[in-house]
Amino acid sequence: AGCPHRGLFYNLNRLKVFVSGDIGCYTLGFLPPLSAMDACVCMGASIGMAHGMDKALGQEGLGKVVAVIGDSTFLHTGINSLINSVYNKGCSTVIILDNRITGMTGQQPNPASGTTIGYDPAPTIDIPELCRAIGVKHVRTVNPHELEATYQVLQEEIERPEVSVVIARFPCVLTVDEKKRRKYPFHTVVDNCTGCTMCLRLGCPAINWQPLTPEQAKAMGKKEKQKGYALINEDMCIGCGQCLSLCKFDAISKGEERA
Ligand code: SF4
Ligand code: SF4
């Protein structure tokens with residue numbers, strides 16, 4: 001619960017673009033309900049595949065193809081394909097999922113994290129500056145937990161007829177610093193929940209669907225046709241706020257601080 005990648009993939013699903021994926025924890029973005037990864041071949045392949053598609057499709061592919069790649073994978077084997085895309089005048093959008101960690105293979109730091117594997121201070125690669133040095137003119141950074149702002153930036157960059165980079169930056173919930181961060185878990189105001197299921201589209205494991213029979217719905221003062229309601233498990237929720245921004249019925253509320 002609280003994974004920053006969830007908000008990014010939620011938005012890619014909304015945009016209905018072809019997502020060329022890569023290897024990492026974020027490969028799980030292919031799973032429903034996010035269902036926002038269409039291809040994944042091998043480590044570092046996402047940017048090259050997207051570039052190949054934009055070259056093959058030409059004008060027809062404009063605004064339809066993005067590559068997603070983690071910060072660690074980008075520095076490992078993705079950067080060379082970005083150089084190639086700029087050099088060969090591609091037009092796909094590259095989204096770097098910068099969660100400040102190498103999530104899938106042990107949560108170790110990487111050259112953009114600022115520490116060595118032993119957590120001693122180390123030189124930090126500035127990913128936005130690195131992309132500009134390669135020749136990418138449009139480099140933007142978003143907080144993927146801010147769903148609407150991220151959507152707007154993605155929409156603008158995907159339409160751009162040249163290579164652009166969007167860096168979705170927020171630390172993984174498993175990093176040492178995030179584990180120490182104060183948590184304000186959210187809770188469901190059950191009386192207000194209409195069962196619209198919008199919050200469930202994030203696939204957050206802290207949000208559970210509670211089915212209702214017509215009799216149960218009526219007994220709770222809801223419309224008989226309401227099929228259920230959402231219930232947040234406050235022990236799992238870390239208060240990322242993504243679900244709050246999707247609920248239009250004031251049925252999700254911020255809770256008290258938890259150690
Ligand atoms: S705030 Fe919502 S989306 Fe974020 S961890 Fe809690 S229940 Fe999940
Ligand atoms: S909590 Fe809000 S978004 Fe989630 S099902 Fe209920 S009304 Fe819909």
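F74 lies in helix α3; helices (H or I, at least four residues) and strands (E, at least two) are DSSP runs, numbered from the N terminus. This is a predicted model, in which local features need pLDDT of at least 70 and side-chain atom pairs count only at pLDDT 80 or more, while totals for chains, interfaces and linings use all residues. Residues are numbered from 1 along each chain as its sequence is written, chains are lettered from A and ligands numbered from 1 in the order in which they are written, and side-chain values use heavy atoms, with hydrogens and water left out.

View 1. F74 is buried, with a relative accessible area of 0%. Buried means under 20% relative accessible area, exposed over 50%, and partly exposed in between (1.4 Å probe, protein chains only). Not counting residues up to four places away in sequence, F74 touches I47, I69, I79, L82, I96, I127, L130 and C131. Contact means heavy atoms within 4.5 Å. F74 and D98 are 24 residues apart along the chain, and their C-alpha atoms are separated by 9.4 Å.

**View 2. The kink in helix α3 and its buried residues.** Helix α3 spans residues 71-87. A kink of about 70° is centred on G78. The bend at a residue is the angle between axes fitted to the seven residues ending there and the seven starting there. G78 is also one of the buried residues of α3; the others are D71, S72, T73, F74, L75, S81, L82 and S85. These buried residues pack against α2 (46-57), β2 (65-70), β3 (93-98), α4 and β5 (164-169). Just after α3, K89 takes a positive phi of about 55°.

**View 3. Packing of helix α3 on helix α4.** Two packed helices are described by the angle between their axes and the distance between the axes. The axes of α3 and α4 (residues 127-134) come within 10 Å and cross at roughly 20°. That makes α3 roughly parallel to α4. Axes are lines fitted to C-alpha atoms, for helices over the stretch in contact, and angles run from 0 to 180 degrees between N-to-C directions. Angles under 35 degrees count as roughly parallel, over 145 as roughly antiparallel, 65 to 115 as roughly perpendicular and the rest as oblique. The crossing of α3 and α4 is right-handed; a crossing is right-handed if the near helix is turned clockwise from the far one by less than a right angle, and left-handed if anticlockwise. From α3, the residues D71, F74, L75, I79, L82, I83 and V86 meet I127, L130, C131 and I134 of α4. The residues of this contact divide into 10 nonpolar, no polar and 1 charged. Ala, Val, Leu, Ile, Met, Phe, Trp, Tyr, Cys and Pro count as nonpolar, Asp, Glu, Lys and Arg as charged, and the others, Gly among them, as polar.

**View 4. Packing of helix α2 on helix α3.** The axes of α2 and α3 come within 7 Å and cross at roughly 20°. That makes α2 roughly parallel to α3. In α2, the residues I47, G48 and H51 meet F74, G78, S81, L82, N84 and S85 in α3. By class, this contact has 3 nonpolar, 6 polar and no charged residues. S81 is buried, with a relative accessible area of 16%. Leaving aside its neighbours within four places in sequence, S81 is in contact with G44, I47 and G48.

**View 5. P33 and S35 in the loop between β1 and α2.** The peptide bond from P32 to P33 is cis, with omega near 5°. S35 has a positive phi, near 45°, in a residue other than glycine. S35 is partly exposed, with a relative accessible area of 39%. Not counting residues up to four places away in sequence, S35 touches N13, G29 and F30. S35 and V142 are 107 residues apart in sequence and 21 Å apart in space, C-alpha to C-alpha.

**View 6. Y119 in the loop between β3 and α4.** Y119 is a residue other than glycine with a positive phi, near 65°. Y119 is partly exposed, with a relative accessible area of 49%.
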